[in-house]
Amino acid sequence: MALSAAPSVRAVSSVPQHVRGEPRAPTAPTAAPGPLAGTAALALGLRACQRMRRRATLSAVATATLKESSADVAERRRLQELVSKWRADDAEAWASLALTATLYVGSLAVLHLSGGHWAAIILLAFALVRAFIVFHDAAHSSFFEKPEHNKTLGQVLQFFINYSLDEWNTVHNSHHAHFGDVTVKDSSLTIWFSEKELENAPWYLWLAHRIIRDPIFFYPLAGLFVFFLNKPAQHFPYRTLVPFLVWYFLGMQTLCAYFLAAWLGGSLGVACFHLQHHCNSPYRVPDDSSRTHLDAAIVGSTRIPLAWPLSVFSFGIEYHHIHHFDIRVPGYRLERCDAEGEAAGLWTRVNTVDWVRAIKSLCHSQFDGSSKASDAGGTPRFSSFWPYSALGLQDD
């Protein structure tokens, strides 16, 4: 009886009192909202937007999964069984974070004590690359076991790596949700035009692209733009606090060397972004109906094993195929996850790149011919500008 009566009670109570013929209840005067209320409302709105972005990413991954064949489903299950063993572990996370902090502080100390020696600049640049990848894992909530710990870590590290956590989530979550679909803008990609498009472009656009996208200039320019110049309103607090502290406590000479190290680290980071998805043959499909999450990870993301000590600073990001398959595997466990997958024969479709192919691929600047996506005519390929192509600096 109570269950059947409940709807009528709700229906009556939902009608305004003055419509039901009852007197209005007296209301207390409403205070004008203060600045704290506005700030709280803004914070709630930002959190709601972040939840919506995460739901959109998960929805895109789920949709891409539905389009997989039976063979893909079997492969996915084997991969899921593998990666489920390599989730975050707080004990390893803290040890890894301690090493990251030691490398950063030690590199900064060497930089100061050496008077900004070039070797110290390179060492700090590599330490900053590692710090950025830890930040990247925290943004994915994969570094620590608990989401709140990851969020706190990301909020701290954004001051050290010159990039806003909120802005990174906006750009990077979209990359994971849509990578490979050429109809969706992906700010993480570093090759934009086909050879045919450039031939038909106005001369000034062709010339600007030829200069900017030349590999000698591109990585330094992109590192400067992404980590120092891009979106100053969003990134300003995170690009100024640590440099101010370096200047205040260690002096102008160390600050100038610190900026050089940060610039070099940013340039190396862009080169890493490039190698993750721009070695031949690329995974690019004409639209979302052709894209699968599995192929975007296993076919479209590279595997570039690195030897020690480079692997200390790359922090596992060289196993990008695993990361794109499951973002919940943290960098400090990716190498062991990859080794187990290799022993099980899971990487037969993965684009494994050695150091020779990596160097050649760094020179890729355009899509070869006119094709930018897989179609009936074949698979797209990347190519290099002349004279790099004539020198064999192109991954054929």
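A disulfide is a pair of cysteine sulfur atoms within 2.5 Å. Keep that in mind for these exercises on a predicted model, where local features need pLDDT of at least 70, side-chain atom pairs count only at pLDDT 80 or more, and totals for chains, interfaces and linings use all residues. Residues are numbered from 1 along each chain as its sequence is written, and side-chain values use heavy atoms, leaving out hydrogens and water.

**Exercise 1.** Find how many disulfides the whole structure holds.

*Solution.* Searching the whole structure gives 0 disulfides.

**Exercise 2.** Decide whether Ser384 is buried or exposed, and find what its side chain reaches.

*Solution.* Start with the location: Ser384 belongs to strand 4, residues 382-384 (strands are DSSP runs of E, at least two residues, and helices are runs of H or I, at least four, both numbered from the N terminus). Next, accessibility: its relative accessible area is 5%, so Ser384 is buried (buried means under 20%, exposed over 50%, partly exposed in between, with a 1.4 Å probe and protein chains only). Finally, the distances: the Ser384 side chain reaches the backbone oxygen of Leu393 at 2.8 Å, and a polar atom of that side chain lies 3.1 Å from the backbone oxygen of Cys363.

**Exercise 3.** Work out which residues touch the most other members of the largest nonpolar core.

*Solution.* First, the term: a nonpolar core is a set of buried Ala, Val, Leu, Ile, Met, Phe, Trp, Tyr and Cys residues joined through side-chain atoms within 4.5 Å. Among the 23 residues of the largest one, the answer is Val134, Phe135, Phe143 and Leu153. Then look at the helices: helix 5 (118-139) contributes the most, with 8 residues.

Notes. Polar contact = N/O pair within 3.5 Å; in protein donor to acceptor, adjacent residues only side chain to side chain.
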